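Visitor: Could you take me through some of the helix packing in this entry? I would like the criteria stated along the way.

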Amino acid sequence: MEIPTQLESFCQSLSSDILEHVTEALRGLSSIDGLNRPVLRFELFLDDAVDDGGNDSHGSKHDVVPATRRPLISKRLDLSGARASVEELPVPPAPTAPLVPAAPLPPPAPSPSPSTKPEHLSPSPTLCASEPPSPRSDSPSESYPRRKGIGGLRPARPEITVIDGVDSQRQMQVPARSFPKRMKVDDDAVATLREASLDKFIVGIWEQIYGGIDLDPQSILEQWQAAASAATTADVPAPRAISDHTTGHNPSSFGLLPAAAGPAEVSGSFNQSNSFCRRVTQASRTCRSIEVVVQARWIEHFEAYVETVASSNPSLSTKKCRKAALLEACHDFGWTEKDMRNRMRIWAGYKEIKDAGGWAALVFAGMGIYRFCKYRIGFDGESTAQRLQALRPRLEVAADTLHPSWRRLLGVVGEPCAPRFVGHPHDWVVFPSYGGGGGGGGGGGSDEPVPLRATYLGRDPGFSFEHLDESVVDVRAWGGDDPRWVPPPITTAGPGVVTFTCRSCGQQQSDDAKLNGCYCFPVLFGGPRAATPVQVFRTSNGRNNGLQALTPFDRGMAVGEFVGFVTNGLQDVDVFNSSTASHPYQIWQGRQGNYTRFVNHSCRPNAQFQSFVWMSTERIVLVSKGIGAGEEITVDYSESYWRGLDKECLCGESCCRYRTGGV
Ligand SMILES: C[S@@+](CC[C@H](N)C(=O)[O-])C[C@H]1O[C@@H](n2cnc3c(N)ncnc32)[C@H](O)[C@@H]1O
């Protein structure tokens, strides 16, 4: 049973690929123009070279296909115009057993709420059922009308059957296009020092927050101690103020001693040195955070002191009062006036950033903040302040939920330590300012984030959403099996040895980073995962929520995996249809899932869903087609989703295909 199943699956993907390439090659051929309805016919036969007298595929005997012979695959691709479609030609029934014996479908999940209202009839733009709605009782029929692909040539996947008799399909699926390719790196390109700019600065903050930096104060204090002892050894002045607060950890237990001599020791000392180097690197980043916090606060003390000097010396001009305070500071710091002024200019920048973007902007600004405040390229007062102000609550949501104890660092300057936002990062819906550019913040305004649940309650009082990292398989539908399982390719590794070879790059896949050689989607598979820099935001035009990129996602890069409840038989709710060679299945995100659940449709999308097999399990990956920082992430839900749906597309694109009144 397995071999024909694999063969069929192979034929499907082969035909999709061939059709796509041939179609590309035929584009613009004048001979097509002469045809009323040009089609490309593609058939695949399994043949016996002996029976036909040894003629190869160019031989005359192959020119006439016996009527009785059944093609393994038969497809016809409509080439007329930009609108193209693929139709499955009916394959004549085989005289013997079919190539793919009908796989017994798992029983559909029983409906806990039989009265579930078809959602397309309600005004709600969201998923409303509190439980998976009732499965379809009718089975797919062969006679259903063929689906038309729009906006590109998309060989249909026969496993994803369009079911007739319902008004709306609401089914998303993987388009049969290839992965968006990553941009080629120009090896000869000369690296140039790019200007610091506000956009870059803001992206830098998001990267720090989402980059897995460890801001656990306990370990920070230890790391500070480590950094202090390392810095002292290197004859660099050690940080003073905070080292007084250390836990009393023995500094001699840290250190980067010379590499050990014997192989046994090398391994141990390498691990030790990894740990030490990581801690010091972390510490210097963290120390940097504490440093900028203290320096921003110092500027406030300075300004307050100037005022005190002025009030106690009313005859002195403000300039003179400032000079007096400055000279006093020079004395205490041991710096020249010039040095002091230079530093104060930079520290004043830190304060401006803190005043507008909040402490989170400062703490997570990373190393770029110094250059940004020193050269002030793109740091133009009013508008910078407005953009940072608009970002402030969004930065706090991310910082509080991803680093719940980061505010304890603010204890150094006497600020409150309790987080403002608790829970999962996507438990909060943020409000971008719609007037502005990249980085997620426009000019002015800083609407407070609202709990995710609150944005659905009006339409669905029972709304709840569980955030998942991995999909959950519906045991009622699939028993103990995972329908996404695909048999691993046969390898020569030896009996009993299972290796997983990537179907895209041909490299070995493993969850063990040492063994893994597949880097198709390194942010998702084969290594440690970091939080993805995206936020759920409130759209401005009636689409409820959407997903916004906080940093750029290069073309070909994974944005995330479409994670949800792996089930079957759902109807009238937004659902993702996919299929392995043996099982069609659905992924439903109505009550469980990840951030990909908030991706809206656009007729000019900047991302697309792709099927990818990781260690013998099919995954649906949201792949970037090139997404800029601050852009909404969108996909094309496809024709099958919109067909018959009582909703208008609000993507706002000039090429919008699902809006009756025009854009
Ligand atoms: C997978 S959800 C996307 C997130 C959704 N906006 C929300 O707030 O939960 C799909 C739903 O979003 C809405 N939607 C997505 N794209 C849309 C578009 N281009 N026009 C109108 N509604 C859209 C529809 O209500 C659809 O049922």
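Guide: A residue is called buried if 20 or more other C-beta atoms lie within 10 Å of its own, exposed if 12 or fewer, and partly exposed in between, with C-beta atoms placed from the backbone. Helices (H or I, at least four residues) and strands (E, at least two) are DSSP runs, numbered from the N terminus. This is a predicted model: local features need pLDDT of at least 70, side-chain atom pairs count only at pLDDT 80 or more, and totals for chains, interfaces and linings use all residues. Residues are numbered from 1 along each chain as its sequence is written.

Visitor: Which residues are buried in helix 8?

Guide: In helix 8, residues 368–375, the buried ones are Ile369, Phe372 and Cys373. Viewed down the helix axis, these buried residues fall within an arc of 90° (taken from the directions from the axis to the C-beta atoms), so they line one face of helix 8.

Visitor: At what angle do helix 7 and helix 8 pack?

Guide: They pack at about 110°, with axes 8 Å apart. Axes are lines fitted to C-alpha atoms, for helices over the stretch in contact, and angles run from 0 to 180 degrees between N-to-C directions. The two helices are therefore roughly perpendicular; angles under 35 degrees count as roughly parallel, over 145 as roughly antiparallel, 65 to 115 as roughly perpendicular and the rest as oblique.

Visitor: Which residues meet there?

Guide: Ile346, Gly349 and Tyr350 of helix 7 meet Ile369, Tyr370, Cys373 and Lys374 of helix 8, where contact requires C-beta atoms, placed from the backbone, within 7 Å. By class, this contact has 5 nonpolar, 1 polar and 1 charged residues. Ala, Val, Leu, Ile, Met, Phe, Trp, Tyr, Cys and Pro count as nonpolar, Asp, Glu, Lys and Arg as charged, and the others, Gly among them, as polar.

Visitor: And how do helix 7 and helix 9 cross?

Guide: The axes of helix 7 (residues 337–363) and helix 9 (residues 381–402) come within 7 Å and cross at roughly 15°, which means that helix 7 is roughly parallel to helix 9. The contact of helix 7 with helix 9 comprises 9 nonpolar, 3 polar and 3 charged residues.

Visitor: Changing topic, where is Arg657 found?

Guide: Arg657 lies in the segment after helix 11 (639–642). Arg657 counts as partly exposed because it has 14 C-beta neighbours inside 10 Å. Its C-alpha atom is separated by 6.6 Å from that of Cys603, 54 residues apart along the chain.

Methods:
Two residues are in contact if their C-beta atoms, placed from the backbone, lie within 7 Å.
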